[in-house]
Structures are given as structure tokens and as C-alpha cells.
Amino acid sequence: RYISVTGVQTCALPILTGSGLGLSAAYSIVKQHEGAITVSSILGQGTTFSVYLPVLSVRAGAGGEGTDRATRPTDKGGVILLGMTPAEQPYFSSLFGSLGCKARAAYDASQVREILRREPGSWGVLAVDLDALDESAPEVCTQLLHENSELCIVGLGTLVREWAAKLPGSARIELVDKPVGMWAVQSALERLRVQPASVPQG
């Protein structure tokens, strides 16, 4: 348990128990499995650590052969990842890849616009870490939806009910609670009617 010491002259700190190595050990294990750990904290409300582990390795499919699942487009195009840290990007690429969607990271809204301009029709979903964008998230989502009539948004956040009140009401937005799981994302994509494109057999 931690307390804020900003502006405090003297403070009686609580006695903490344990070695303090639990998070370090967890981080090491998660990194070995190409996952990520994120933390979000709101003073007075608590701290949430989220552990993300890949559902399917995009480097090797069954039998050790490469898989093409991560490069299959959806009928609305691939998924642009916005607001994910470099540590989270492989997890989300793997997650969307396991659902048959290609994924690509963007660092800000202007990069999303550039990707959409350069590759029209290739990207139909924007997966947004709402917590990372914070107060700018509603404006960014509203502008991108207005500018791109085919774009759908999957918003990822720790306080989904609060985000639902802040974001524009639209059938093109689905919200998913953190920590993000494959089934929740799959359900959101189904509600947005984003399905993997059929791959010819033969």
C-alpha cells in the first residue's frame, strides 16, 4: 500500500512486509512469454496491475510452422492500435492476430490519419487504450469517427462505465474492460460485425 507524499512535511509511513520482489518475478515470467504488465492508479481509489499474455504466438502456429492468421484482413480491414505502449503492442497484435485480424501500431491520432490515408480500405478498426489517451480520448474518437465513415472503435479501459458516459454514442464504438481478454475483444468485434475474411482453401 502506498500513499501520496506530495506537499506533506512529515509522514508516518506504514510498515510494509514482503521482499518486494513479487512484481519483479512476475514481470520476468510475463516477459519470457512475450506478454506485458501494465499499471493504472487513481489516488484514493486504488491501483490495478494488468497482466497480458499472448493467446497465440504470431511467430509459430501448430506444428511449429508459421501462421498466416495475423495477416488475414477482416471484411472491414485490419486493426490500428492507438495508445498501447511498446511493451503492450506484441500482446495486442497477437490477440487480434488470433482472431484473424492484422494489426499495426500508431502513436497518435495524426499517425492514424496518415495510415488511413495511405492505405484506404485496409484498416477498419481502431483499438484505443482510452486510459492512455485520458482526457483527449473522447475528442480523438469523435474526430476519427467523423472523418472515416467506415471506421469502428474498440475502446479499452479500466473504468468502462465512465468512458461510456464520456464517449459519443455510436453503434461504431464498443468498449472492453481491462484487463483485456480474447473473448471480450471477439464479442466486441462481432457486435461491430467485424469478421475475418474467408481464406480460399486449396
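1. The side chains of R104 and E119 meet in a salt bridge with an N to O distance of 2.6 Å, where a salt bridge is a side-chain nitrogen of Lys or Arg within 4 Å of a carboxyl oxygen of Asp or Glu. Because R104 belongs to strand β4 and E119 to the loop between α3 and β5, the pair ties together parts that are 15 residues apart in sequence. R104, at 34% relative accessibility, counts as partly exposed, and E119 is partly exposed as well, with a relative accessible area of 27%; the classes are buried under 20%, exposed over 50% and partly exposed in between, for a 1.4 Å probe and protein chains only.

2. This is a predicted model, in which local features need pLDDT of at least 70 and side-chain atom pairs count only at pLDDT 80 or more, whereas totals for chains, interfaces and linings use all residues. Residues are numbered from 1 along each chain as its sequence is written, and side-chain values use heavy atoms, with hydrogens and water left out.

3. The protein has seven helices and seven strands, and along the sequence these follow the pattern α-β-β-β-α-β-α-β-α-α-β-α-β-α. Helices (H or I, at least four residues) and strands (E, at least two) are DSSP runs, numbered from the N terminus. Of the 202 residues in the protein, 35% are buried. Among the contacts with a separation of 6 or more, 61% come from residues 24 or more positions apart, a contact being heavy atoms within 4.5 Å.

4. Five strands form an open sheet in the order β4-β3-β5-β6-β7, with parallel pairing. The edges are taken by β4 (103-106) and β7 (173-177), and each has a single partner strand, so one side of each is left without a neighbour in the sheet. From one strand to the next, the twist averages 25°.

5. Which strands does helix α2 lie across? Helix α2 (residues 89-98) lies across β3 (78-82), β4, β5 (123-129) and β6, and runs at about 160° to β3. Helix α3 (residues 109-118) also packs on the sheet, where it touches β3, β4 and β5 and makes an angle of about 140° with the direction of β4. Axes here are lines fitted to C-alpha atoms, for helices over the stretch in contact, and angles run from 0 to 180 degrees between N-to-C directions.

6. Two packed helices are described by the angle between their axes and the distance between the axes. For α2 and α7 the angle is about 60° and the axes are 10 Å apart, so α2 is oblique to α7; angles under 35 degrees count as roughly parallel, over 145 as roughly antiparallel, 65 to 115 as roughly perpendicular and the rest as oblique. The crossing of α2 and α7 is right-handed, a term used if the near helix is turned clockwise from the far one by less than a right angle, with anticlockwise giving left-handed. Here L95, F96 and S98 in α2 meet M182, V185 and L189 in α7.

7. α3 and helix α5 (residues 137-147) pack at about 15°, with their axes 11 Å apart, which means that α3 is roughly parallel to α5. The crossing of α3 and α5 is again right-handed. The contact involves A109, V112 and R113 of α3 together with V140, Q143, L144 and E147 of α5.

8. The structure holds eight salt bridges, one of them between E114 and R118, whose closest N and O atoms are 2.5 Å apart. E114 and R118 both lie in helix α3, four residues apart, about one turn of the helix. E114 counts as partly exposed at 28% relative accessibility, while R118 counts as exposed at 61%.

9. Are D129 and K178 buried or exposed? Their side chains meet in a salt bridge with an N to O distance of 2.8 Å, and the pair links distant parts of the chain, with D129 in strand β5 and K178 in the loop between β7 and α7 (182-191), 49 residues apart. Both D129 and K178 are buried. Elsewhere, salt bridges that share partners join E114, R117 and R118 into one network.

Technical notes:
Two strands pair if DSSP finds at least two bridges between them.
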